[in-house]
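The following note sets out several points on helix packing, the nonpolar core and the chain interface. Please read it alongside the model.

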Amino acid sequence: MLRTPAWKRYNWRVVWLSLLYAAFLLAAVYGFKHHLLSGGVAYLVAALPAFPIIGIFFAMGRYLVEERDEYVRMLMVRQTLWASGFALSVATIWGFLESFEVVGHVDAYYVAVIWFAGLGVGSLINKFTVGDGGC
Amino acid sequence: MENRLRLLRTERSWSQQDLAERLEVSRQSVNAIETGKYDPSLPLAFRIAELFERPIEEIFVSPSSRSSKAI
């Protein structure tokens, strides 16, 4: 684990955005469960939990800009590329399986969950190819 | 890319951490460069050369010069 100052800032941003995500999700679930929302507000509240997740993608981008250690940055770029490739591949395969009704429907936001899992895949690939898992 | 970083570092009795602090990079970066797993950018290569007060080509071995010698 490489704890550079930029990585620490990224972690803090992710912690705050995760808390915000939990708060938005709870608020949206409560609002819809109690039929408090309708019209344009319903659209906005339904999309609300997505914004902190988008914020985490942005935080990753900021991290890559702020990271001064070029080797550590290279490891993270590789990791995110693997994560993106992994998430897109799983989503594409699942899309076809779903089209041919071999599997059930999965909500599209799970692509983000798969992308985060893909970061773990990228870290393992870094470990086996470069010998450093990175962050 | 082959380099003489480990030799230059050990000549000065510096640990990888000592060199990393002088270059303002992580110890992992120093290790990756020394073992040839990572080729530094030109600015970092210049910082290394300036730290050891040597021309870059005395620290890093050009892959083309290696192959031409082999022929």
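How are α4(A) and α5(A) oriented to each other? The points below begin with this pair; the model is a predicted one.

1. Helix α4(A) and helix α5 (residues 110-129) of chain A pack with their axes 7 Å apart, at an angle of about 130°. The two helices, α4(A) and α5(A), are therefore oblique to each other. The crossing in which α4(A) passes α5(A) is right-handed.

2. On the α4(A) side, the residues making this contact include Leu75(A), Trp82(A), Phe86(A) and Val90(A), and on the α5(A) side they include Val111(A), Trp115(A), Gly118(A) and Gly122(A). By class, the contact of α4(A) with α5(A) comprises 13 nonpolar, 7 polar and 1 charged residues.

3. The largest nonpolar core has 12 residues, among them Tyr71(A), Val72(A), Leu75(A) and Met76(A), together with residues of chain B such as Val30(B), Ile33(B) and Tyr38(B). At least two residues of this core are supplied by each of α4 (70-99) of chain A and α3 (27-34) of chain B. The largest share, 4 residues, comes from α4(A).

4. Between the chains, 9 residues of chain B are in contact with 10 residues of chain A. On the side of chain B that touches chain A, α3(B) gives the most, with 3 residues. The residues of that side of chain B divide into 4 nonpolar, 4 polar and 1 charged.

Key:
Residues numbered from 1 in each chain as written. Chains lettered and ligands numbered in written order. Predicted model: local features only at pLDDT ≥ 70, side-chain atom pairs only at ≥ 80, totals over all residues. Core = buried A, V, L, I, M, F, W, Y, C linked by C-beta atoms within 7 Å. Buried ≥ 20, exposed ≤ 12 C-beta atoms within 10 Å, placed from the backbone. Contact = placed C-beta atoms within 7 Å. Nonpolar A, V, L, I, M, F, W, Y, C, P; charged D, E, K, R; others polar. Axes fitted to C-alpha atoms, helices over the stretch in contact; angles between N-to-C directions. Parallel < 35°, antiparallel > 145°, perpendicular 65-115°, else oblique. Left-handed = near helix turned anticlockwise from the far one by under 90°.
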